[in-house]
Amino acid sequence: MIRRGGIGLLVAFLVLVAVGAFSDQLGLSSFYLILLGSICFWIAQATSWNILSGYSGYFSFGQAAYVGVGAYTTAVLSGRHGVNFFLTVPLAALLCGLLALGVGAVAFRLGSLRGEIFALLTLAVPFILAAFARINRSVDGGQGTTVPIPEVPDAFGALPQFQYLLALLIAAIAVAAAYAIQHSRTGSALAAIRDAEDVAEVMGVATFRYKMLAMLISGVLGGAAGSVYALQIGFVTVESVFGLTIPLFVIVMGVLGGRTHWLGPVIGAVLIVTLQDRLSSYGLDAWNSIILGGILALLVAVSPDGLYARLRARPLAALGALVVVSGGLAVLNAWGEVLDWLVVGMLVASLLAIVLGSRWATAWLRRGRPAAVPDEAATATADDVTVPGDAAGDAVPAGSAESTVPAGAPGSGAPGDAEIEAGETGASRGADQLGAVLVECRQVARYFGGVHALEDVTLDIRAGELVGLVGPNGSGKTTLINLLSGAFRPTRGVIRLDGRDITRLAPHKIAHVGMARTYQIPRPFDSMTIRDNVAMAVMFGPESLPLNRARPIAEQHLATVALDHLADAYPADLNLHQRQLLEMARAVASNPKVLLLDEALAGLNPAEVDNAVRVVRRIHESGITIVIVEHLLRVLNQLATRLVVLDRGTCLADGEPQTVLNDPAVIRAYLGRQAHV
Ligand SMILES: Nc1ncnc2c1ncn2[C@@H]1O[C@H](COP(=O)(O)OP(=O)(O)OP(=O)(O)O)[C@@H](O)[C@H]1O
């Protein structure tokens, strides 16, 4: 199904082709064609940059490498070796694609580089290539290379028309690629990588593959546009194609327009190139950098999400401002020309959209209206939904005597405390339902330098168990969860899941074998709705479904944790308890055999703990084996079919909860010691 944006893109492309084809009839001088060609070049470059840096969050300063290699491939091959220009364009794209893959392999495979280290690596690449071009006479030895004018097919008219149409074609391919990626599985994967890469990987997203794909597409598009740029400028020099202004321009365009949407760089490129042209026409070139730098600084401060989001929120106001201001200036005709009026109109429209979208303006416009998320949303509990098979009678009474023991001070939950309630316990419910061994840890050790976080842990977890993992702070619980989910690799030992050795498997492959986890501090994908957070797990789980099929399934999972009424909200709208429930829904949505819950109840109030306990029990009853790290012993006594106690990285006790909690060694090492802190 082609969406509205795709149709708009196609129509815009056809209109712009017609503008080029009938430029004589429209009375467009070659000045306008060159300006449009320049806008197309920057649209292609900014879009190429955005596919990597905007979509995946890997900020690159190396765009000039693609422009330079692309331009020099065409200049050297066609200018010095007489190769047909049309052949040099795909060759330039291929070379830049290979360059991108090389940089990606170094950054993502060898170094796992992120943030400023990745940016520095990408900054180094054009420097090296520029120096190479300068000293290597077979490139141009720093002299510059003339690009011969190819034979222009008759259908394209004169050279300016041909250059413009070629640049338009490359820009259209780039924007269409960005559009297709954003609406595809790859777009969802890249957004997840941008929001929380390790969470995405553990959920089943093959992050390395998607990052390499983004690098490759970015390189190919940047190289093709660089090649056409060589023809546009006619004479290629190191300074013109490897300069620092290229990454600065694409960054400003991406940030100005918005990095998470395919239209963002288009908006940014149109605004910046036309503004720059107007400044030049008034002899204000020297102000270029000051104005660009000022725009970047202002945007980072007031509208880091970019213009697209602001314009989309207030399209009529922005369009109205553009028409009134540009039209007004045209009618008055007291100053400037068409382009001046258009640029002023666009600037006023952008400013208005930014101001109207600001926090102050939003608060002022909403004054007197009720809050967006109704209050009852925050108080919905798992009791509000009916799930087939839900054991209605086993709920922990809300507000019951609660162990308010914070992490690391579980002493008041020692055996015999009032908090350990009588009645059905996890052990009594689960003992007769155990299946085959699902998780096997054999002499697993993990060292961090001199710290022996885990030492020779041997552990079996059977299907149907709900294992409570306890131990003092620093005893190695989270490290064990990290090893089981693949976030870390053991220093020694073997881990098997469902009979398969997962010791050295990538986390996303472990997820596909059947392991899911939550995080002590919830880590949702902030740019996605609650529904899409869960849908991601369905999409990239073992079944690998498209987004439109994953969404209804995600809603079912949200219903089981009573968050379905918040499906359209964003993680920032949720309180801690709801975020924890979202973590659980997301983990369950990946259809795991084993679910690892890392302190999923930490920081909750008593009523929330009770609600979370019901959800965990329900998940367990649905047939998922659970390992839960928890400090609240009352909760573990109710939930767990078995307790494993870690102490200083080794397994101190393992067995039925009551027995373990009454074990003198456990009381001495864990409960007793901490009870007297
Ligand atoms: N990435 C790391 N780098 C260095 N040391 C680490 C790392 N992760 C854990 N450790 C160390 O390993 C030991 C075990 O830590 P771990 O977080 O697994 O304990 P824990 O039982 O989960 O503690 P808590 O209850 O406080 O969460 C600690 O000494 C910790 O400092």
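Residues are numbered from 1 along each chain as its sequence is written. The model is predicted, so local features need pLDDT of at least 70 and side-chain atom pairs count only at pLDDT 80 or more, while totals for chains, interfaces and linings use all residues.

Let me begin with the whole chain. The protein has 28 helices and 12 strands. Those are DSSP runs numbered from the N terminus: helices are H or I with at least four residues, strands are E with at least two. Of the 677 residues, 48% are buried. Buried here means 20 or more other C-beta atoms within 10 Å of the residue's own; exposed means 12 or fewer, partly exposed is in between, and the C-beta atoms are placed from the backbone. Now contacts. Two residues touch if their C-beta atoms, placed from the backbone, lie within 7 Å. Among contacts with a separation of 6 or more, 74% join residues 24 or more positions apart.

Next, the domains. There is domain 1 (4-243), domain 2 (261-363) and domain 3 (404-675). The bounds come from an automatic or database domain assignment. Taken over C-alpha atoms, the centres of domain 1 and domain 3 are 46 Å apart. Their contact takes 15 residues from domain 1 and 21 residues from domain 3. On the domain 1 side, helix H8 (residues 185-203) gives the largest share, 11 residues. That side divides into 8 nonpolar, 3 polar and 4 charged residues. For those classes, Ala, Val, Leu, Ile, Met, Phe, Trp, Tyr, Cys and Pro count as nonpolar, Asp, Glu, Lys and Arg as charged, and the others, Gly among them, as polar.

A word on the annotation. The unreviewed UniProt entry marks "transmembrane region" over several spans, including 162-181 and 213-235. Positions are in the numbering used here, feature names are shortened, and annotations may be inferred rather than shown by experiment. How do these two spans look in the model? Residues 162-181 are 100% helix and 0% strand, with end C-alpha atoms 28 Å apart. Residues 213-235 are 91% helix and 4% strand, with end C-alpha atoms 32 Å apart.

In H20, 8 of 9 residues are buried. Among them are Lys477, Thr479 and Leu480. Just after H20, Gly486 takes a positive phi of about 90°.

E4 sits in a sheet. That sheet is open, has 4 strands in the order E4-E3-E6-E7, and pairs antiparallel. The edge strands are E4 and strand E7 (500-501), each pairing on one side only. Pairing needs at least two DSSP bridges between the strands. Strand E6 (residues 492-497) and E7 have 2 bridges, in the antiparallel sense. In E7, Asp501 stands opposite Arg496.

Now strand E9 (594-598). All 5 of its 5 residues are buried. Val594, Leu596 and Asp598 lie on one side, Leu595 and Leu597 on the other. In general, side chains in a regular strand alternate between the two faces of the sheet. E9 pairs in the parallel sense with strand E8 (residues 515-517) over 3 bridges. Met515 stands opposite Val594. E9 also runs parallel to strand E10 (residues 625-629), joined by 5 bridges. There, Leu595 has Ile626 as its bridge partner.

Last, the loops on either side of E9. Most residues other than glycine have a negative phi. Asn591 has a positive phi of about 55°. Asn591 is in the loop between helix H24 (576-589) and E9. Is Asn591 buried or partly exposed? Asn591 counts as partly exposed, because 19 C-beta neighbours lie inside 10 Å. Glu599 has a positive phi too, about 45°. Glu599 is in the loop between E9 and helix H25 (606-621). Glu599 has 21 other C-beta atoms within 10 Å, so Glu599 is buried.
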